[in-house]
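Hello,

Here is the structure I promised to pass on.

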Amino acid sequence: MWLPSDLRAQLRAAFGDAEVVVLHSAPRAIGWVAGGVEAIARAVLDVCEDRTLVVPTFTVGRMDPSTWTEPPVPEASWEAIRAELPIYDPEWSPPHAMGRIAELVWRARGAVRSSHPVESVAAIGPRAAEIVRPHPIEDPMGPRSPWARLHALDARVVMLGVGLERCSLLHHAERMAEVPYVEAAAYGVPVVIDGERRWIEAESGNNCSEGFPRLEPSLRKAGLVTDATVGDARAMTLSARALVDHARAAIAADAAALLCERRGCVACGEARRVLGACSGKG
Ligand SMILES: [Zn+2]
C-alpha cells in the first residue's frame, strides 16, 4: 500500500530538476494507492507545481474508418461513418486509451490542450501554452508540432509503468529522420473550416509503436536511461533531446530500426514494403 506522500517523494526523485516533464503512464502498474488514481494524479500535479507537465491526449477514434482494425468495418459503411464522426473539441473530446493520469491532468484547472484533431497533447504549467500551440493539422508530430518544442526544451520523458512502445517522441524522431514510410501513410479526419464540415487528409506516419522498445538496449548501453520506482511501477526517464538524437542515429543506420517484428502487423509490413526491405518477416 502506498500513500500519496510516498508517491510524491518517488516522483520528485524520478523527475529530478526537470523543468518540463512529458509523462506516459499506466497507473495500474503503481499498485494500491490510498485515494486511488485521483491521489496518483494529484501527486503528479503537486510534484509538477513549478514545472510544466505534458501528457498525450490522442483521440484516434475519429480517424478514417478505412484504417480501423479493432474491429474493421465494411467498406460499404465508410461514407456514412465519415459523415457522422464527431468533430474534435479540445475542451471536451475525451482522449482514447492514454491512461487515467493523462485524463485527469488534461481536465485539471489551468491545463491547455492542442488543436490537433487526432494527435493532441495537453500541458499545464508555466510553458504550457508555448508548447501546445501551434499544432498544425498537417504536422501532428513533425518540426512544427509540440513534440519539436519538447525536443528543443529538452524535456524529461518519463515512462511510468509503460515501456517505450508508448513513447510518442519516437514518432517525432521518425518524422525528423524523414523515413520514407511517413509520407506513405495519411488518414482522413473530420474538421470544421469556416463553419463547414470537411473531410481532410492529415499526415500520419507509421501508427505502430510496438517496435520502439527495440531501441531500449542501445539507449541503456549509451547511458541514456535513468531508472526510478514509483509505487510498484518502474519509471524510465530519458532526456528528450538525447532520445530523439539517438533514435535518429539508429534510423540513419537502419531505416527499419523502429518498426516492430510482430507477424501480421499491417502498419510495419507496409512501412517495410515502402522501404523496399520486406524480407517476409513483417
Ligand atoms: Zn508494427
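Which residues of strand 2 lie on one side, which lie on the other, and are they buried or exposed? T52, V54 and P56 sit on one side, L53 and V55 sit on the other, and all are buried, leaving both faces of the strand covered. Buried here means under 20% relative accessible area, exposed over 50%, and partly exposed in between, with a 1.4 Å probe and protein chains only.

Before the rest, a word on the source. This is a predicted model, in which local features need pLDDT of at least 70 and side-chain atom pairs count only at pLDDT 80 or more, while totals for chains, interfaces and linings use all residues. Residues are numbered from 1 along each chain as its sequence is written, and side-chain values use heavy atoms, leaving out hydrogens and water. Helices (H or I, at least four residues) and strands (E, at least two) are DSSP runs numbered from the N terminus.

Strand 2 pairs with strand 1 (residues 20–25) in the parallel sense over 3 bridges, and V20 stands opposite T52. Strand 2 is also joined to strand 4 (residues 121–124) by 4 bridges, this time antiparallel, with V55 opposite A122.

Next, a helix pair. Helix 7 (residues 169–176) packs with helix 10 (residues 240–253) at an angle of about 50°, their axes 9 Å apart. Axes are lines fitted to C-alpha atoms, for helices over the stretch in contact, and angles run from 0 to 180 degrees between N-to-C directions. The two helices are therefore oblique to each other (under 35 degrees is roughly parallel, over 145 roughly antiparallel, 65 to 115 roughly perpendicular, and the rest oblique).

Finally, H172 belongs to helix 7. At 2% relative accessibility, H172 counts as buried. Not counting residues up to four places away in sequence, H172 touches M141, G142, S145, W147, A148, H151 and V244, where contact means heavy atoms within 4.5 Å.

Best wishes

Conventions
Two strands pair if DSSP finds at least two bridges between them.
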